[in-house]
Number of protein chains: 2
Amino acid sequence: VNEFDLIAAHLAPLAESPGALGLKDDVAFLQARGDLVLTADAMVEGVHFLPDDPLDTVARKLVRVNLSDLIAKGAAPVGGLLTLSWPRDRPTSDIADFARGLAAERENGFALLGGDTVSTPGPLTLSLTMIGQPLSKRGPILRSGAKAGDLVAVTGVIGDGALGLMARLGRLAAVSREDIAALEHAYRIPDVPIGVEHAVAMHASASLDVSDGLLADAAHLARCSGLRIEIDADAVPLSPAGKRWMATTSDRSDALAQLLAGGDDYQTLFAAPAARIDAMRALAPGVAITVIGHCVPGEGAVARRADGALLAAPTAGWSHF
Amino acid sequence: VNEFDLIAAHLAPLAESPGALGLKDDVAFLQARGDLVLTADAMVEGVHFLPDDPLDTVARKLVRVNLSDLIAKGAAPVGGLLTLSWPRDRPTSDIADFARGLAAERENGFALLGGDTVSTPGPLTLSLTMIGQPLSKRGPILRSGAKAGDLVAVTGVIGDGALGLMARLGRLAAVSREDIAALEHAYRIPDVPIGVEHAVAMHASASLDVSDGLLADAAHLARCSGLRIEIDADAVPLSPAGKRWMATTSDRSDALAQLLAGGDDYQTLFAAPAARIDAMRALAPGVAITVIGHCVPGEGAVARRADGALLAAPTAGWSHF
């Protein structure tokens, strides 16, 4: 079986948009009617997912980590170009599992436009470039643009990705089997706030996705906007499983710090004037929006407990080096 | 040193276009004025380049294999998104060498728009998505569109990439040191027909880049256009070093077959009406355009020697599986 046959068999059915040219040409074609945003993320076996993670979930995560960037910028997905570096010792028939995961993300706006398939003597290595269209004439919502006085809010829940990885590594002994399963699922197929992109496009003053860790990403937003972000650590929304894990820990501040530094959340963190929050909730009824802090003059991002104590969470975020 | 510092130090200076947002946001921004073409290619250490190839040449090849797709479609480059999976045991300071290679390709229209940098326990793995703008209102020139009666032509010379790889692997003993150096250079930094994109956009009826091997790519064009391509093997343009290598071989047909099946050429292979060839040469004075065959009713692609003998070159092309 050669790569061309494999692509034809498994990926071409995902390339339904006319611009994909059925994956039969060297390029994809996009009739762009206006501004576009572009984002690219790589995922490596053993670094961003585990060797025994089901390949359909790996594909779904790959799409979602890119989708999360588009959503946070207030953009709707147009499609993506995939490069797949396939390990020589992985059965090529597994590409069907991977393709099934991509297909499942079509309901979230994913369309395959093109790409490349090669073999590698190393780990499975994936790269996806996704293209999106900003949903407002303001263009993409950047990290810069927040104003002192803006509230800071986050979608969904924080910490399940980090707890899910700990669960996968067998480090969450005190948690129930059901919670372990829920957290592992959140690690494998992160919840992304599909539906909030319109609200962000219309009302947010600055926005980004939470991938490095809530506090680190708040610090990115603060630096790019030239202000300081103060977060109420106890207001950060946790899942039921996250809350139950928290109850098993001896030091609540230390546990919160782990979740706020964990990363792999793929929720949207944004700043907006207080008067806009209700309008955003009305535009995104299916997405939980929780106000967790506010912007003040100064620099950096800090999280405090209700008693005023600073949370000792690192703000540098995840580094691959 | 963390990844953010590395990116800032080495890649941000390459992100001069406003849409790159200085690599400081999660996305790139493109003010698209019309249609776009998109292409993505991956390159893996040990598969597409050798572990001891200088990293600046690896970067240049990565850009050029994508550029070659855009040129063959009659499009001008706008920029690219790079994902870099960096081996944990490669000094991160080597990123400077890689960035120097990218910088050298700015003169060929490369601009860095965004991307991602991650670490890998495996080989250096690169993925580049490039965006281009078609240079004619006809849009991108596809593999389909050739007509029976069209001539088939190729830019530059064929075979140096394949000979360069053989040279790198020590399998070209009979060739002079100067020729070895020239061929290795062609393998590391492939010559791409920069300047022919306007001529292709205006006049070619079908076009693609020669990456799988001249005969295999001719077969792709023939299949997509629903016709047969007949190539005059002795008309295929060779470099001086290629010709001298040919003179050292005992079977000229066998040697020609190797070059026509070799791949890694990154020249443009196109079909055009005979009356258009002179106009194309006038539009691309810096690029050699050689007529090597013609389109007839039927299917497949064949190459014949002057005596009518069929060349026994495989038409399936390079397969990674």
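Colleague: Which residues line the largest cavity?

Modeller: In this predicted model, a cavity is a set of points on a 1 Å grid over the protein atoms alone where a 1.4 Å probe fits but cannot get out, and lining residues have an atom within 4 Å of a point. By that rule the largest cavity is lined by Ala42(A), Thr83(A), Ser85(A), Thr125(A), Leu126(A), Ser127(A), Ala42(B), Thr83(B), Ser85(B), Thr125(B), Leu126(B) and Ser127(B).

Colleague: How many cavities of 30 Å³ or more are there, and how much space lies in the largest?

Modeller: Local features need pLDDT of at least 70 and side-chain atom pairs count only at pLDDT 80 or more, while totals for chains, interfaces and linings use all residues, and side-chain values use heavy atoms, leaving out hydrogens and water. Residues are numbered from 1 along each chain as its sequence is written, with chains lettered from A and ligands numbered from 1 in the order in which they are written. A search of the whole structure finds one such cavity, and the space in the largest is about 50 Å³.

Colleague: Which strands each supply at least two residues of that lining?

Modeller: Strands here are DSSP runs (E, at least two residues), numbered from the N terminus. Both chains take part, and the strands are β3 (75-87) and β5 (125-134) of chain A together with β3 (75-87) and β5 (125-134) of chain B.

Colleague: With which side chain does the side chain of Ser127(A) make a polar contact?

Modeller: Ser127(A) is found in strand β5 of chain A, and it is buried, with a relative accessible area of 4%, where buried means under 20% (1.4 Å probe, protein chains only). A polar contact is a pair of N or O atoms within 3.5 Å, one able to donate a hydrogen and the other to accept it. At 2.7 Å, the partner is the side chain of Thr83(B).

Colleague: How far apart in space are Leu38(A) and Gly132(A), C-alpha to C-alpha?

Modeller: Leu38(A) lies in strand β2 (residues 35-44) of chain A and counts as buried at 1% relative accessibility. Although Leu38(A) and Gly132(A) are 94 residues apart in sequence, their C-alpha atoms are separated in space by 6.4 Å.

Methods: 1 Å grid on protein atoms, 1.4 Å probe; cavity = no way out; pocket = protein on both sides within 12 Å on 5 of 7 lines; lining within 4 Å. Points joined across faces, edges and corners; volume = space filled by probe spheres on them. Helix = DSSP H or I, 4+ residues; strand = E, 2+ residues; numbered from the N terminus. Buried < 20%, exposed > 50% of the residue type's maximum accessible area, 1.4 Å probe, protein only.
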